[in-house]
Amino acid sequence: MLPPGADAVVVRHGDVGVKSSSVQSDMERRLRENLQAILDDRGIPGDVEREWGRLLVRTPDPDAAADAAADTFGVVSASPALSVPAELRSIRGALALTARECYDGGAYAVDARRVGDHDFGSHDVNREGGDAVWHAVEQDVRPEVDLDDPDVTFSVEVRHEEAFVFVEHRDGPGGMPLGTQKPLVALVSGGIDSPVAAWEAMKRGSPVVPLYLDLGPYGGPDHRARAEETARNLAAYAPNFDLRLRVADAGDAVERLGDEVGRTRMLSYRRFMYRVAERLAEQVGAVGVVTGESLGQKSSQTAANFAVVDRVTDLPVHRPLFALDKQEIIARAREVGTYRDSTLNVGCERLAPNQPLTAASMESVRKDEPDDLFAWADAVADGIEVSEGVPA
Ligand code: ATP
Ligand code: MG
């Protein structure tokens, strides 16, 4: 719900506020840039200003702009607002207008905050504003004031010359502005898990470089197309970063693992994958790898097997979904908007062996692993292509 004539969005950020002032300033600058980029990318007219530990968007389309802000990493909440001069009379008028449009009964409260020099205090705004709401609606509904547990809260933020009136908080993702951490290579298969994992890393500030291993006959064109869609979904959250899908041709290697390796096949496959990711990380200046693995989800994702596969790379392997159940991951995927594409049926071949080891030893993995597996991974990494299917 927005006040009639709303012309702004008040945008709050979270974690950013706990840093030193220079770090905070840098983070707020990033956040401003990122939000502006999302507005521009969606064709929403608006200018993002930095203000008093939060951002303000001036826009003729505060509804769409608030949604854009609610998709920007680092944003805690966004409120479409009506701006008026910071005078009691104007604030009363704005509250009366808003009440007529947005209030149809139940308990209400006016909640004012104020920064700057004014000849009134926030309690004056609460009192006068509460009165203005009452008079605006008393002929149509029976108003009731409840300051402790209101159904509708009319918020007023008075800042120096201006006051902002709003009734709604739209939740953002929270986290940190994208770009405040170094990049990570995200292994993206296009399944349900990996896009969510990449998104979680982005939420905490790391731009991701999505890497897809094309599995040749084990994957197929639809499998790859699904990964492309996934990268496109993620890129919508970060139009000012390069989230084009990087594609490594792993078909021959996977086929060979299928032919030559038995019960530890998936572990060698994962070690191969991490090695390719590590090489890409070197190429693009990334400092870690993100995967959609979660503890116990598959035989290759046991605690014991993580210990074996991680030893192939010096980079940290981050698993944001480590402790989540599949149902929780699915719920996240729906929120993030990657679920639909992730569940397209792509009919890929099964690479997993019938009786995989759930607690493989390093020795058993090495014993069956082709000697030149990692030389192969390095060569595959040298041939990584940037997919043009997803615009930069
Ligand atoms: P997802 O886990 O994304 O739902 P999945 O279930 O098909 O896909 P898993 O076998 O669970 O994949 O693989 C675990 C993780 O390994 C994935 O979350 C992803 O990070 C990575 N991964 C698997 N296959 C690929 C691939 N072909 N290209 C890139 N990364 C992959
Ligand atoms: Mg999975």
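D378 sits in helix α13, where helices (H or I, at least four residues) are DSSP runs numbered from the N terminus. This is a predicted model, in which local features need pLDDT of at least 70 and side-chain atom pairs count only at pLDDT 80 or more, while totals for chains, interfaces and linings use all residues. Residues are numbered from 1 along each chain as its sequence is written, ligands are numbered from 1 in the order in which they are written, and side-chain values use heavy atoms, without hydrogens and water.

**D378**
- D378 is partly exposed, at 22% relative accessibility (buried is under 20%, exposed over 50%, partly exposed in between; 1.4 Å probe, protein chains only).
- Leaving aside residues up to four places away in sequence, D378 touches R275 and R279 (contact means heavy atoms within 4.5 Å).
- The C-alpha atoms of D378 and D193 are separated by 26 Å.

**Helices α8 and α13**
- Helix α8 (residues 265-284) packs against helix α13 (residues 373-382) at about 45 degrees, with axes 9 Å apart.
- Axes are lines fitted to C-alpha atoms over the stretch in contact, and angles run from 0 to 180 degrees between N-to-C directions.
- R275 and R279 are among the α8 residues in this contact, and D378 is among those of α13.

- D193 is buried, at 11% relative accessibility.
- Q297 is partly exposed, at 26%.

Methods:
Helix = DSSP H or I, 4+ residues; strand = E, 2+ residues; numbered from the N terminus.
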